[in-house]
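Please have a look at the two chains shown here, and keep the viewer open as you read. We will go through them step by step, from overall dimensions to single residues.

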Amino acid sequence: MSINRRQFLKIAGISTIVGLGGTTTIKALWRDELEASQVSPSPEALVAKRWAMVVDVSKFKIDNDYKRVIDACHRIHNVPDFGNPKDEVKWIWTDTFSHAFPGQEHEYMEGGIKHKPFMILCNHCDNPPCVRVCPTKATFKREDGIVMMDFHRCIGCRFCMAACPFGARSFNWRDPRPFIKEENKEFPTRTIGVVEKCNFCYERLAKGLIPACVEACKDNKALVFGDLKDPNSEVRKILSSCYTIRRKSELGTQPSVFYVIGGSNNA
Amino acid sequence: MYDTGKIITGLIIFVILVTFPFYNNIGKAISKPEPKLDTPEIQKLPEKERRCVEPKAFMRTEHMKLLNEWRDSVVRDGNRMYVSTDRKKFVMSLQNTCMNCHSNKKNFCDQCHNYVAVKPYCWDCHIAPKEKGT
């Protein structure tokens, strides 16, 4: 008893419809246990299209101005202090003009700028080379421009350190735990063999707080944090009223940290 | 057959070695782990709210998956708020949310993990709560 083509197509069509309907019914009946749970960003989180920071160099006057900022960051992020530059782990630190802005210095520069320490941190580039070279995507760029480190995924290959033109990344050669003076329970420590760097305090932004370094100099506004894509943000106001420079802009990484080089009265 | 004696002796030694774990443990039942849920933080909660983010049975079998999802959600997507199946909100954080209630890592986490011989490396980075009296 053979069937002809017409009959075959009819049966095939009907069984397909029944089959499709069948799976949807089963799916509808099958309650996924976690179906009702869901995730969302915290309602109080600070959001921006593009986070950026402005460093007003002239407002850093005494050693304590720098120390306060560095301590605020390193304390809350459990950054270890190994006490030697070889193993050093740093998120925010200082360096001279000629190191921070190589090629832009000249011998007749004003002494105050030439020998002044500059606050330096990860530039959270628009076009971050570290992200491009990371084989595990442990470092990645968030939609709001923050270049993030996922410590869980880092395999410690240090390609990112080689790629970063700003030396903003540190490697944990040693177990950092014994070298943390006072552990901050809100933030994890790192482990040996992991690269770390400034993360623009993404964990604080999620709670509606500004980065720790910016908060530490709230009174003199030496550091200003804000949305680069918002024309009314404080960052944009400074950028439109002051002349600012960025580190190694010739490399095309588009850093999001801007420096106001005030100079003295004539500048 | 050459070297019969040596071969048979070797075989006997081999069998004894391989079966050693079995006869060595005969009659020694290792008690089932019983994670303790009576931390001061949990006791402080009102009776009705004394429950985990998801039902106990689910947490017992799936907590590692849940924690993995939380981790990715927080770090990769920036989503930190977890709305559980019964519509309660939690901040997704091992160190701050989970360990806040389960402040007895030794009697809660380690009991089972030691029993099933798994060594999660969570605590290499995340700071375990300071335990009192242990």
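What follows is a walk through a predicted model, chain by chain and then residue by residue.

Let us begin with chain A. It holds nine helices and 11 strands. The radius of gyration of chain A is 26 Å, well over the 18 Å that the globule rule gives for 267 residues, so chain A is more spread out than a compact globule. If you turn the model along its principal axes, the C-alpha trace of chain A spans about 100 × 45 × 35 Å. Of its 267 residues, 45% count as buried. Chain A exposes about 14800 Å², and carbon and sulfur atoms supply 56% of that area. Contacts across the sequence are well represented: among the contacts in chain A with a separation of 6 or more, 65% are between residues 24 or more positions apart.

Chain B has six helices and two strands, and along the sequence they follow the pattern α-α-α-β-β-α-α-α. Here the radius of gyration is 23 Å, well over the 14 Å that the globule rule gives for 134 residues, so chain B is also more spread out than a compact globule. Its C-alpha trace spans about 75 × 35 × 30 Å along the principal axes. Buried residues make up 30% of the 134 residues in chain B. Of the contacts in chain B between residues at least 6 apart in sequence, 60% join residues at least 24 apart.

Which residues have the most contacts inside the largest nonpolar core? They are A:Met53, A:Phe200, A:Leu223 and A:Tyr259, in a core of 60 residues. Leaving out residues up to four places away in sequence, A:Met53 touches several residues, among them A:Leu121, A:Phe200, A:Leu223, A:Val257 and A:Phe258. A second, separate core has 14 residues, including B:Val53, B:Tyr82, B:Met92 and B:Cys109.

Two loop residues of chain A are worth a stop. A:Asn199 sits in the loop between strand E8 (195-196) and helix H7 (202-205). Is it buried or exposed? A:Asn199 is buried, because its relative accessible area is 4% and the cut-off for buried is under 20%. Beyond its sequence neighbours up to four places away, A:Asn199 touches A:His77, A:Trp91, A:His124, A:Ile146, A:Met148 and A:Phe187. A:Thr191 lies in the loop between strand E7 (170-171) and E8 of chain A. At 19% relative accessibility, A:Thr191 counts as buried. Leaving aside neighbours within four places in sequence, A:Thr191 is in contact with A:Asn172 and A:Pro176, and also with B:Asp124 and B:Cys125.

Finally, find the open sheet of three strands with the order E1(A)-E1(B)-E2(B) and antiparallel pairing. Strand E1 (38-40) of chain A and strand E2 (89-91) of chain B stand at the edges, each with a single partner strand, so one side of each is left without a neighbour in the sheet. From one strand to the next, the twist averages 30°. Strand E1 (residues 81-83) of chain B is joined to E2(B) by three bridges, and B:Val83 has B:Lys89 as its bridge partner. In E1 of chain B you will find B:Met81, a buried residue with a relative accessible area of 11%. Apart from residues up to four places away in sequence, B:Met81 touches residues of chain A, including A:Gln38, A:Val39 and A:Ser40, and residues of chain B, including B:Lys89 and B:Phe90.

How values were computed. Residues are numbered from 1 along each chain as its sequence is written. Chains are lettered from A and ligands numbered from 1 in the order in which they are written. This is a predicted model: local features need pLDDT of at least 70, side-chain atom pairs count only at pLDDT 80 or more; totals for chains, interfaces and linings use all residues. Side-chain values use heavy atoms; hydrogens and water are left out. Two strands pair if DSSP finds at least two bridges between them. Helices (H or I, at least four residues) and strands (E, at least two) are DSSP runs, numbered from the N terminus. Axes are lines fitted to C-alpha atoms, for helices over the stretch in contact, and angles run from 0 to 180 degrees between N-to-C directions. The radius of gyration is taken over C-alpha atoms; the globule rule is 2.2 Å times the number of residues to the power 0.38. Buried means under 20% relative accessible area, exposed over 50%, partly exposed in between (1.4 Å probe, protein chains only). Contact means heavy atoms within 4.5 Å. Accessible areas come from the Shrake-Rupley method with a 1.4 Å probe; for residues, only the protein chains shown count as cover. A nonpolar core is a set of buried Ala, Val, Leu, Ile, Met, Phe, Trp, Tyr and Cys residues joined through side-chain atoms within 4.5 Å.
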